[in-house]
Every structure is written in structure tokens, then in C-alpha cells.
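This briefing goes through one structure by topic, for a reader who has the sequence and the coordinates at hand.

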Amino acid sequence: MFDLISGNQMIQAMDLSMSLASKRQTLIASNLANLDTPGYRTRDFSFEGAMKSALAGQISPSTLAATSPRHMQGSSNGFLPPTTDALQPSSERNDGNDVSLDRENMLLARTQINYQTASTFMQVELRKLYTVIREGVAH
Amino acid sequence: MSISQIFDIASTGMAAQRLRVQLIASNVANSETTRTKEGGPYRRRDAVFQTQDLGFAGALASAGVRVASIQTSQEPFLTRYEPSHPDADTDGVVKYPNINPVEEMVNLTEASRSYEANIAVVRSAKTMATSALSILSVQ
């Protein structure tokens, strides 16, 4: 019965999108906290790239080894996107730090919107299921 | 849970920038101080930032920031000829701290902008957490 949720591709994709967005937001927080740290390099990954490769099944959603067919598979929350993209163009300061306040601020807003969009779509999808459960009776 | 990590990282950034502003305040307040506990005029202080590993595992580990050390300036003191001053030497010269108000103000602006950047991260993470919570209210 819970296939309704775990088998729902929309909810799966939105779950992935939210995980990636919050992971990216963590890196943006890290970049902004280290705005004045000498030698710090911007840490980031490509949201689109990570999303594509995860949806193509290149990354296993679970980091746990399943040694028996009866083992449950973990959720997608634990996985990490593969690698960081080099910043183009990089604008390094005299102290070796290349964090750009404008870029990070823009990404902060954009990632927040990505997250909220995913969460709204997931809500819409869950509402559909709820309508089905209530047999279409309005509440 | 990525969102609580975002709060942790942003708070390390805020704490570090606040300490930096404290040091600037101390520098400005003591720009004419000729007597200190260590003896001699006040010496300018500045914070040195360093990334702080908050124990978040992963290929793309995000990092907080911490103040690695507080550096005391070793620049020569400013001298002024004031024979009536109680701290004047035999030639009537008084040594004053080598503090450049313009430098301190630029530093202060930079620190408060960095502080604001961390606040923006907290605000964004809060909005994200609220939108995730709104998934629960589907009915």
C-alpha cells in the first residue's frame, strides 16, 4: 500500500531534489561562513548534474551494503553528489580566498527556491493521494 | 539532517565575525591608549580565521569557521612630541598606538557585511525548514 508513496516517481524525484538542495545550501553556508578565511576555496557541486546522474541511477541511493535479499534499502537521504565543479572564472583574492559574495547570495536564493518548489510539488502530489483516500469527498 | 547543519555553520560564521567586530571596537577605543597591562602603548589586534571541521562526513564536507588566533600588530608606534604628557620619554616624545581609523572602518564594514551574509543563510534555512514542514500539513 505504501507503494503509493515510495513507488511514486514524482515524490521520489522531489525527495531527491530537496536532499540535493539542502546539501547545496550547507555548502553555500560553509562558503559564506568562510568569506574571510585565507586560502579557503569555494565548495560547490552542480545541482543539475547531480540530479541527472542520480535520476539515471548512476549513484546508488543507499550507502549501506545489502548482504541479504531481505535487507531493506536505505532512503536517498544519505548519498552525496559526486564531485565539485571548478569555478569559472575564479576570482582569487590576495589571501588565496575565492569566495564571491554575489555568487553565493544568488545561489542561496536560487537553492531556497529549488527547495520550496520541490516541497510544494510534493505537497500537491500527496494531496492527490489524500483525495483518492477520501474517495474524492471534499473536506 | 542538512538544515540543522546549515544553522551550525552560519552560527560559527556569525561568532567569528562578531569577535572580529569586538577587536575592531577595541582597536578604535584604544587608539590613543599609552598604558597597557603588558606595558607600553596599545597594539592593534586582528583575528585570523581558519576553517573548522564540524564533523560532517562526505566527499564534499562543508566547513565552519573559527578564529585561529588573535594577532597583535608589531608595527612601530606613532610618535608625537608632547613634553607635558606623563608618558613622555626624556626627549619629550610620546609613543601612541599605530591605528589607522580608515583601515578599521573598512574592516568593520567588511565584518558587518559578512555577518549579514550569515544572517541571510539562517533566514533562508528557516524558510526551507518551514516549507518542508508544510508537507506534513497535507489534508
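The model is predicted. The area buried between chain A and chain B is about 3000 Å², and a search of the whole structure finds 16 salt bridges over all chains.

**Interface between chain A and chain B**

- Chain A brings 36 residues to the contact and chain B brings 37 residues.
- Carbon and sulfur atoms give 65% of the area buried between the two chains.
- Thr26(A), Ala33(A) and Asp36(A) supply 18% of what chain A buries against chain B, more than any other three residues.
- Between chain A and chain B there are 10 residue pairs in polar contact, counting pairs with both residues at pLDDT 80 or more.
- On the side of chain A that touches chain B, the elements giving two or more residues are helix H2 (9–33) and helix H4 (101–133) of chain A.
- That side of chain A divides into 18 nonpolar, 13 polar and five charged residues.
- The count of salt bridges between chain A and chain B is one.
- This salt bridge joins Arg20(B) to Asp36(A), with the closest N and O atoms 2.9 Å apart.

**Helix H2 of chain A**

- The 25 residues of H2(A) should span 36 Å at 1.5 Å a residue, and the end C-alpha atoms are 36 Å apart, which agrees.
- Of these 25 residues, 21 are buried, so H2(A) is largely enclosed by the rest of the structure.
- At the start of H2(A), a side-chain oxygen of Asn8(A) comes within 2.9 Å of the backbone nitrogen of Met10(A).

**Helix H2 of chain B**

- H2(B) covers residues 101–133, which makes 33 residues.
- From its first C-alpha to its last, H2(B) reaches 48 Å, close to the 48 Å expected at 1.5 Å a residue.
- Asn100(B) caps the N-terminal end of H2(B), where a side-chain oxygen lies 3.1 Å from the backbone nitrogen of Val102(B).
- The buried residues of H2(B) include Glu104(B), Asn107(B), Ala111(B), Ser114(B), Ala117(B) and Asn118(B).
- Also among them are Val121(B), Ser124(B), Ala125(B), Met128(B) and Ser131(B).
- An α-helix has 3.6 residues a turn, so residues three or four places apart point the same way.
- The buried residues of H2(B) pack against H2 and H4 of chain A, together with helix H1 (2–29) and strand E1 (45–53) of chain B.

**Salt bridges within chain A**

- Arg41(A) and Asp98(A) form a salt bridge in which the closest N and O atoms are 3.6 Å apart.
- Arg41(A) sits in the loop between H2 and helix H3 (47–55) of chain A and Asp98(A) in the loop between H3 and H4 of chain A, so the pair ties together parts that are 57 residues apart in sequence.
- Arg41(A) is partly exposed at 39% relative accessible area, whereas Asp98(A) is buried at 5%.
- Arg24(A), Asp44(A), Arg103(A) and Glu104(A) are joined into one network by salt bridges that share partners.

**Salt bridges within chain B**

- Arg20(B), which bridges to Asp36(A), also forms a salt bridge with Glu110(B), the closest N and O atoms being 2.8 Å apart.
- Arg20(B) is in helix H1 of chain B and Glu110(B) in helix H2 of chain B, so the pair ties together parts that are 90 residues apart in sequence.
- Arg20(B) is buried, with a relative accessible area of 6%, while Glu110(B) is partly exposed at 39%.
- Arg35(B) and Asp87(B) meet through their side chains in a salt bridge of 3.0 Å, N to O.
- This pair links distant parts of the chain, with Arg35(B) in the loop between H1 and E1 of chain B and Asp87(B) in the loop between strand E3 (78–81) and strand E4 (93–96) of chain B, 52 residues apart.
- Arg35(B) counts as exposed at 56% relative accessibility, and Asp87(B) as partly exposed at 28%.

**A serine in helix H3 of chain A**

- Ser53(A) lies in helix H3 of chain A and is buried because its relative accessible area of 12% is under 20%.
- A polar atom of the Ser53(A) side chain lies 3.2 Å from the backbone oxygen of Ala50(A).

Notes:
Residues numbered from 1 in each chain as written. Chains lettered and ligands numbered in written order. Predicted model: local features only at pLDDT ≥ 70, side-chain atom pairs only at ≥ 80, totals over all residues. Heavy atoms only, no water. Contact = heavy atoms within 4.5 Å. Buried area = accessible area lost by both parts, 1.4 Å probe. Salt bridge = Lys/Arg side-chain N within 4 Å of Asp/Glu carboxyl O. Polar contact = N/O pair within 3.5 Å; in protein donor to acceptor, adjacent residues only side chain to side chain. Helix = DSSP H or I, 4+ residues; strand = E, 2+ residues; numbered from the N terminus. Nonpolar A, V, L, I, M, F, W, Y, C, P; charged D, E, K, R; others polar. Expected span 1.5 Å × (residues − 1). Buried < 20%, exposed > 50% of the residue type's maximum accessible area, 1.4 Å probe, protein only.
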